[in-house]
Amino acid sequence: MNTLDLKSGKVTDVREAENIVVRFSGDSGDGMQLTGTQFTDTSAFLGQDISTFPEFPAEIRAPIGTVAGVSGFQVNFGSKEIFTPGDMYDVLVAMNSAALKTDIHKLKKGGILIVNLAGFDKKNLKLAHYPEGINPLEDGSTDDFIVYKIDVTRHVKDALATSGLGNKEMERSKNMFVLGLLFWMFDKSMDYTIGFISDKFKKVPDIMNANITALKSGWNFGDNTEVFKTRFKVDVAKLSPGVYRQITGNHATAIGLICAAEKAGIQLFLGSYPITPASDILHELSKYRGNGVKTFQAEDEIAAICSAIGASYAGALGVTTTSGPGLSLKGEAMGLAVITEIPLVIVDVQRGGPSTGLPTKTEQSDLLQAIYGRHGEAPMPVIAAATPADCFEAVYEAARIAIEHMTPVIFLSDGYVANGSEPWRFPNAANLTPINCTFITESNNPDGKFLPYKRDDRGVRPRTKPGTPGLEHRIGGLEKQDETGNVSYDSVNHEKMTHLRANKVDRVADFIPLAKVDTGKEKAKICILGWGSTYGAIKTATLELIAEGHDVAHVHLRWVNPFPRNLGELLKGFDKVLIPEMNMGQLCSLIRAKYLIPAESYSKVQGLPFAVDELKSKIVETLNSK
Amino acid sequence: MSDIISLAPKKTAKDFVSDQEVKWCPGCGDYSILSQVQKVFPDFDVKKENYVFISGIGCSSRFTYYMDTYGFHSIHGRAAAVASGVKATNPELDVWLISGDGDSISIGGNHFIHLMRRNFNIKYLMFNNEIYGLTKGQYSPLSQKGIVAKSTPYGSVDEPFNPLELALGAKSTFVARSLDRDPKHQQMIFKRAHEHKGTAFVEIYQNCPVFNDEVFSPYTEKDSKREECLFIEHGMPMVFGNNNDKGLKLDGLKPVIVNIDSTNSINDLWIHDERDKTKANLLAGLFDNVSLIPHNPRPFGVFYVEDRPTYEDDLTAQIAAVTAKKGKTSLDKILSGEKTWIIA
């Protein structure tokens, strides 16, 4: 619609929207992640709901200008509740030809394409492997979009002509010019970003000023040139009242662990070996020396988990963080934690596999490895996070169960929730669920000798730690005699211990919430059963289909081992069960095996999350099939 | 001397004997090592509950079950990693690591070198029998080249490690070697190791009577011991031989065997300095096979000692320094982060 922009007096097309998806795309060195983060944080501070999807190459600096080096940051922000970063973009910013080539196919028809002309010269077109003489900006292939061709590089150099900076340094500010332009387009204040730049570059005033100047000139470019006929109006979201912050999944995981250890009254020890996309948890936790957090960058994945086992044995909350390949390496040590019945949290931020696979892309393909991937009968509880903020609660729950039930627990996250971010109405520390961590100091045996494997009514053995007088005892990886914990090769005892360990894990189900319908109603025609990071896409698809008149329900699992006690009964109430997963149908196999229901798998293994539209089509197709 | 008289009776070796039946083969060198450890422990000023034994996998690693202390029998090769986590969490504990040659140098080789460089205050006893015992007789990375074992019927073509050179190269701060059949020497070495603040690596030649019997007999048997062993002591000349009539002299950086007679007096010999790393490396390099003619004697004793801060002390100090500077962040502050906004 055409309205009068009161501020500038210019007639512009102001599009009102419930939500807008913007994709910043450029070379790895173009600062797209920073640009996207600033845009996101500003939106969040203005009270809009958001969901982000950073996507970057596995190479740190792939050759400049190539498709391999394209780094993207996608944000969906809006006045309604947002659960995904969006399937298609309303606005695409392409800093060079390779970025355009990579991302143009997901720009909506009629969407806005902003390009940096300097990235479309002969050299850049060639680097992006466009055929000789073909320029996508001139061959009609972008006719479906509103295209703004801006020589960002030249404008930035003009704006910074008197800054005294060299060419290269001036060019580095071009992302800020684009950000300023976007802020103008969406009528967002630059204050947050100016504050950020001032703080980040306070020791280098030249760079600070250059970035602020570039940011403002981008805004002014939009405001003054009359090139842009379109601005957007997105209201603030009607989120639940409260105090919010912005958080990524990995950050939420880190602070969830700190909170759990402090609530339990024990040290936090992280043994970790760097691996994408889990390393940020190690980075974050290493900042908390002032809180006594002990991070130990081990020599390898095995040392990482073994040091964490040692730490738990000595009385800490031992944690190890990794991704799929690292989880495989930790397998034997996990068995040790199972048989010694020691609390331990194993964080697996899943990525595309097998082997090195797609290290910077997301996948849910470690589920069966998490549940079964060990030698011997070695069950352990497994919990999965649904969203970035949910990583906090899920890892906190993992730690609570590990400590209170004397068992290793696997917490599953993935590249999508780990790097994605959302607004979070964070809890008060006082309201966090208490974690009961008791170390016994006197023998549990009236006749004297301490019985380290004498269980309570939950099947849980007592915890003590070295340094406690009178309770000296030995534990280890050899099968132990019931109650005494002494080495035993007795066959009947081994079977008994195997069952005792399995029962202990099974009984965790008595201490976790029952499964319930998240969206829709019980006994609907179709249930979409999800786990982990597919939450947002499934929820959005379900909401939209219900609005369109379909009888759909969404059930989402947090604990994937053990399953909630009522899960089978709940699922049997639906006519059909469809299980979308970013793997080949791993949860689906578990559900079919355990409940003998004809659940159907919807599999996607492209290293990418589900798009809402593809989910909706599949759900409708399944509904309509016999 | 302290005026306070402890009312608790002094512990004896028996206080460290667990109720578990010892199940090593008859004649195994492990018995002697267990016995010497139990004998020296009452002399240490450590509360019994603060001892922790951590072991890997192999015959030697069953040691943990036989000590009436806290003990953790872990998995193959990983005792060093488990011990690191224990010591980092509670530096008050007196951590002893028990391992074998395969456990330490083969499957656990990576953890071994990293433990050495980090210098946790851990006592590391490596029982070296130059064979895999528990898997019934395959050669180990310390077995001599050419050994005929279960997996090498035509002889091994593997060059063995020199474990002391490996430890020194990995920046170990205490390196020593002892023998299962010399109880007094073991006790002395264990005491020295315990005095050291840092990772104390002790290699113990240990006879496996079943799979590699008498491999160390030149160093342990009466008739050859004094000719083949060089017992080193800080500040003392390097003398050996049946009649203490031989010695080692340094010709530049080359050790040379000399007879102590009118041309070479005892004053001309190499004087052991356990603080000298270059010379410790020379000593560790005395690794000749006894079949060589001529060959150098094999040194036993403390090769090298260095004072270096331990990992856990540096970690504790860093935590104290950061806490002093920044203070402890409250959970609510951690939860809220730096930037928040309110939705009414």
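Residues are numbered from 1 along each chain as its sequence is written, and chains are lettered from A in the order in which they are written. Because the model is predicted, local features need pLDDT of at least 70 and side-chain atom pairs count only at pLDDT 80 or more, whereas totals for chains, interfaces and linings use all residues.

The model has an ipTM of 0.97 and a pTM of 0.94.

Between the chains, 57 residues of chain A are in contact (C-beta atoms, placed from the backbone, within 7 Å) with 51 residues of chain B. Helices (H or I, at least four residues) and strands (E, at least two) are DSSP runs numbered from the N terminus; among those that give two or more residues to this side of chain A are the following.

| Element of chain A | Residues |
|---|---|
| β10 | 242–248 |
| α9 | 249–264 |
| α11 | 301–313 |
| α13 | 331–340 |

The largest share, nine residues, comes from α11(A). Strand β10(A) also pairs (at least two DSSP bridges) with β12(B), residues 341–343, in the antiparallel sense over three bridges, and there A:Gly242 has B:Ile343 as its bridge partner.

In helix α20(A), residues 586–595, the buried residues (20 or more other C-beta atoms within 10 Å of their own, C-beta atoms being placed from the backbone) include A:Leu587 and A:Ile591. The buried residues of α20(A) pack against elements of chain A including α14 (367–372) and β20 (526–531), and just after this helix A:Leu596 takes a positive phi of about 55 degrees.

Methods. Contact = placed C-beta atoms within 7 Å. Buried ≥ 20, exposed ≤ 12 C-beta atoms within 10 Å, placed from the backbone.
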